[in-house]
Amino acid sequence: VAAHPTRAGGLLSLGEDGTVRVWDVVSGKCVATINVGSAMCMATLPAGDLFVTGDKRGAIKTWPMPADGAAEAAAAGTVL
């Protein structure tokens, strides 16, 4: 779980189902879902435009932060 760096009351969570979900903690609703595959860890970047994931093979991927109101974001991660 990580706080959204620019959205007040926003959280990101990484699930065992291979998704990162963006939550509005005030309403308790998921506002976006991103399929990130086999990621085991996740962190947000301070600017709020990207988040990163890492997997057990050591691959680190950057992902665009979904726009407000995006029910689902299909984002291709950039491998670092």
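## Overall make-up

Of the 80 residues in the chain, 38% are buried. Buried means under 20% relative accessible area, exposed over 50%, and partly exposed in between, with a 1.4 Å probe and protein chains only. This is a predicted model: local features need pLDDT of at least 70, side-chain atom pairs count only at pLDDT 80 or more, and totals for chains, interfaces and linings use all residues. Residues are numbered from 1 along each chain as its sequence is written, and side-chain values use heavy atoms, with hydrogens and water left out.

The chain has zero helices and eight strands. Along the sequence the pattern reads β-β-β-β-β-β-β-β. Helices (H or I, at least four residues) and strands (E, at least two) are DSSP runs, numbered from the N terminus.

## Surface and contacts

The chain exposes about 4700 Å². Carbon and sulfur atoms supply 58% of that area. Accessible areas come from the Shrake-Rupley method with a 1.4 Å probe; for residues, only the protein chains shown count as cover.

Take the contacts between residues at least 6 apart in sequence: 29% of them join residues at least 24 apart. A contact means heavy atoms within 4.5 Å.

## The open sheet

Four strands make an open sheet, in the order β5-β6-β7-β8. Their pairing is antiparallel. Two strands pair if DSSP finds at least two bridges between them. The edges are β5 (41-44) and β8 (78-79), and each of these pairs on one side only.

Strands β5 and β6 run antiparallel and are joined by four bridges. Met42 stands opposite Thr53 in β6. The hairpin of β5 and β6 has five residues between the strands. In that hairpin, Gly48 takes a positive phi near 85 degrees.

Lys61 has Val79 in β8 as its bridge partner.

## The aromatic pair

The structure holds one aromatic pair. The ring centres of Phe51 and Trp63 are 6.4 Å apart and the planes lie at 15 degrees, so the pair is stacked. Rings of Phe, Tyr and Trp (its six-membered ring) pair if their centres lie within 6.5 Å; planes under 30 degrees apart count as stacked, over 60 as edge-to-face and the rest as tilted.

The pair links distant parts of the chain. Phe51 sits in strand β6 (residues 50-54) and Trp63 in strand β7, 12 residues apart. Both Phe51 and Trp63 are buried.
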